[in-house]
Structure formats: structure tokens, C-alpha cells
Amino acid sequence: MQALRTVCRFKAYTALNLAGLVLSLSCAFVLARYIHQERTVDHFVPELDRTFLLTTLSEDGRRRIGNTENHNNDPNFRNPLVHPEVEGFTRFYCFPDDKLQVDGQLVPVRTIFADSLFLRFLPFPILTGEDAMNRPDMALVSEELARRLWGDGDPLGKTLQNVSLGKELTVCGVLGEADTKSSFQFDLIVSSLSGSDWSRVGWELVHLRRAEDLEIVNEKNKEFMALIENSGRPISYRLMPLKDFYMTADLGLKGSILHGHPRVVTLLGFVTALLVIVGLFNYMNLHAVMMLKRQKEFSIRKVYGGSGRSVFGQLFLENFCIGAVALFLVWTVVEVTRVPVERGLQIPVRSDLAFDLGLSLLVLVGMPLLTTLYPFARYCLAPPVRSMHLSEPVRRHSLRGNAVFLFGQFAVTIGILVAAIYFARQLDFLLHYDLNFRSKDI
């Protein structure tokens, strides 16, 4: 009760503290959740540690997507997956510029042609229907495509005309989004039994029996091969961990495959840390000013034998109350602005309950503990004679100096926000600037 009375007593400082905390932590939470999402791409795969992507490595160090297809029956070809350490693999083909003919209209879609093991390696949830990847005339559609084509109607049994195949497909199931962001984006999954000549390089995901077998398999495949399909240029096969694939440099991919930018994520992490530091610094300085006004209260308690535990508990509860209210307001701001942030700033974020609870616990416990240590050490650990000296009225120039310092600090914070908004608008302008290229009728 004493903590609540103290918080309510200094209403102006409490309101200012809350405003600063909510502003900085709301921005930090949005960025932190996005960074966490980028760092956990493809983590919905249950056996991620032993799931790998097959690639080829040329003598000049360039890495590209590869597979074990030997169309030319090349005598120099050695299958890189014929090793006891390999448990199995799945092969699929990405068509990011595919089209469907629905009711006489062409609908652009991203199609993946895969074998029956694809959904075992990448277990996207089946919301309705069944997995019929062993039948060439069946197709699985994403929830977003089903909603786009048929609204709230039942898509099961609907027919689609695939332009790439020139065949009619029947919808057998609807796939939902994975628990985490995925590198592989699609609207339609069709069995690879529906065709034979794909005219493009297939992808292969490989399961090893143990994650530690990666070095063994790569060592066995290190010898270069001069293959006909590569115009005689020597290549060797390498397995790349799927968990590292998203943040790996661009492999000449586009469309159905996403890849991240480690430098951008690092920069966003730095910005997030700055936002948290500025917010906490502002809070601690405002709290220090409030403690100057309460010197007499704590000094008297010290002289009359007040225990350090009770003083620490009171200070912690005061900061805990402010932190709890700030946390509620922060999540309110984050959720209310979620759609505008996603549409305006192109920062789509999926909720991760465990990560969100961790952030909340850090603010709810870590911030009050951090902001309590300094005033506790200053006012409660000082000897009684020093406490009596601190009980003297606060000097006017001391408060004036703190006010000037706080004004400068808030001016810097506002300047950082203005600069961030300016650079965000500048980036948006450059990304959407019309370069006067015209592709019509080419």
C-alpha cells in the first residue's frame, strides 16, 4: 500500500515515466519480435538439427542448389547420398511464376511439385482434407489461396487447371501456416508424379542419422566431378544445414524461396538495444529526481533503524507497479498497431507465446530490479551520519541541473525518433521510386 501511495503521490513523474517507457519498449518489442522471428525461420521442422539441403560447390567457391538427378547417365557422376549416414531425402521443384485457370481466369500462384515425403520433412499442418501426394491428379492448397478463390466455401473437391502441367487437379486438402516462418513459400503443392520433365533444377532435403554426420558426408563428397550438365566444369556436392539456409547469402534464388539478411538483423538488434537503453536511462534519471525529493523520508527511516530489506522491498514494489502498468500499455500499443505496422512498414510478425512471455517477465522483474539497485545503494547502505546529512533540503541548483540534463536527454530521444522516421520514409521512397521501366507489350 505504501508503494501504491508513493506512486500516486508523484503523479507527474509517474505519468512521464510511463510515457517514456511505453514509447521505447513498444518500439523495442516490435523489433525484438521481428528479430526473433528471423532467427527462428524453419524451426517448425521437428528434426531440424539433422535436416540438410543438398548444394553444389564449384572450384571458384560459388555454391548453388543441386540434386542427385543424372539425366545424362554421366559416367563421372557419383551419387552424394549413397552413404550409410544418409537416412533419406525428398525432392521437390519450385515454380514461383505458375498459373491456375479458374472459372476462365488466370490466377498467378507459387507451386511446389513434390514427392510423398515432402510433408514429412516440412510438416505444414493440414487444416482440412488429407495428404494425397501419392496421386498425380490431387493438389494441396494453402489457406490463403483457398480463401482467395472460394472465400468461406469448402475447397475440397474443387477442380483447378494447372497451366504448367496442362492438367486438371482436384483439391484434396488445405494447408495452414507453420508455427514459425518458413523459407519455402507456396500457394499450391502438387505431386511430382504428375510430370517428368521439369526443365529446372530440383531441390533435395536430406535427413542424416545424426547431426554430427554432416562433416563425414561432406568429407566423402569433397572430390570434384566434371559433369556434362555443367559443361564439364568441376563441382562437388555439399550438405548445408537447413537451420542456416535462411541467413546464407543469396544462391541465385527467387520467388518461392525466402532468404534473410544477417546485417539487417544485426542492425535492427543494435537499434533495439539503443531503444531499450534510452528508455531505461530516461526512467532511471526521472526516478533519481523523484528520489531527491524523498531524501528526507528515507534518511529518517535509516536513522530510526529501518531495515534495508523493507526499504528495498518498497522501492522494488514501486518500480514493479510502474513496470506492470507500462507492460500492459506496451502490449496494448503493440497489438493495436500490429496491422498498420505490417502494412505500412512491411514488418509482418508471428506471435510466439514463449518469447512474448520471456519479454514480459524481463520487463516485469528485470527492470524494477535494475532501477532499484542504485537508490537502494545510495540511501540505504549509507552510514547514519551520512543519512542525516542527506536529509537536508535539496539545493535549488541541483534540481535545476537535473532538469537541464533531463531536457537534453529527451531532446536527444526525440531527435533519434525524428531521424528514424526520416530514414524510414527515405527508404520507402527509394524502394517504390518509379524508374520509368515499361515492360508492357515487350
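**Strands, core and surface of a predicted chain**

Modeller: In E12, Ala226 has Pro234 as its bridge partner. The model is predicted.

Colleague: How many bridges join strand E11 to E12, and which way do the strands run?

Modeller: Strand E11 covers residues 225–226. Ala226 in this strand pairs with Pro234 of E12. The two strands run antiparallel, and the bridges that join them number two.

Colleague: How many residues of strand E12 are buried?

Modeller: E12 spans residues 234–241 and is mostly covered. Buried means under 20% relative accessible area. Of the eight residues in E12, the number buried is seven.

Colleague: Is Asp213 buried or exposed?

Modeller: Asp213 sits in the loop between strand E10 (203–208) and helix H5 (214–220). Leaving out residues up to four places away in sequence, it touches Glu85 and Leu208. Its relative accessibility is 4%, and the limit for burial is under 20%, so Asp213 counts as buried.

Colleague: Why does Val271 count as partly exposed?

Modeller: Val271 is in helix H7, residues 262–293. With Leu267, Phe270 and Leu274, Val271 makes a nonpolar surface patch of about 370 Å². Buried is under 20% and exposed is over 50%. Val271 falls in between because its relative accessible area is 32%.

Colleague: Which element gives the most residues to the largest nonpolar core?

Modeller: This core has 30 residues; Phe92, Ile112, Phe118, Leu122, Ile189, Trp203 and Leu242 touch the most other members. Elements giving two or more residues include strand E3 (86–102), strand E4 (105–114) and helix H3 (118–121). With three residues, the element that gives the most is H3.

Colleague: Which residues does Ile112 touch, not counting residues up to four places away in sequence?

Modeller: Ile112 is among the core residues that touch the most other members. Its contacts include Phe92, Phe118 and Ile189, which are also on that list.

Colleague: What share of the chain counts as buried?

Modeller: The chain's secondary structure comes to 13 helices and twelve strands. Its accessible surface is about 24600 Å², with 60% belonging to carbon and sulfur atoms. Of the 442 residues, the share that counts as buried is 43%.

Methods
Residues numbered from 1 in each chain as written. Predicted model: local features only at pLDDT ≥ 70, side-chain atom pairs only at ≥ 80, totals over all residues. Heavy atoms only, no water. Helix = DSSP H or I, 4+ residues; strand = E, 2+ residues; numbered from the N terminus. Buried < 20%, exposed > 50% of the residue type's maximum accessible area, 1.4 Å probe, protein only. Contact = heavy atoms within 4.5 Å. Pairing = 2+ DSSP bridges. Patch = residues over 30% accessible without salt bridge, like charges linked within 9 Å, V, L, I, M, F, W, Y side chains within 5 Å. Areas by Shrake-Rupley, 256 points an atom, 1.4 Å probe, with all protein chains shown as cover. Salt bridge = Lys/Arg side-chain N within 4 Å of Asp/Glu carboxyl O. Core = buried A, V, L, I, M, F, W, Y, C linked by side-chain atoms within 4.5 Å.
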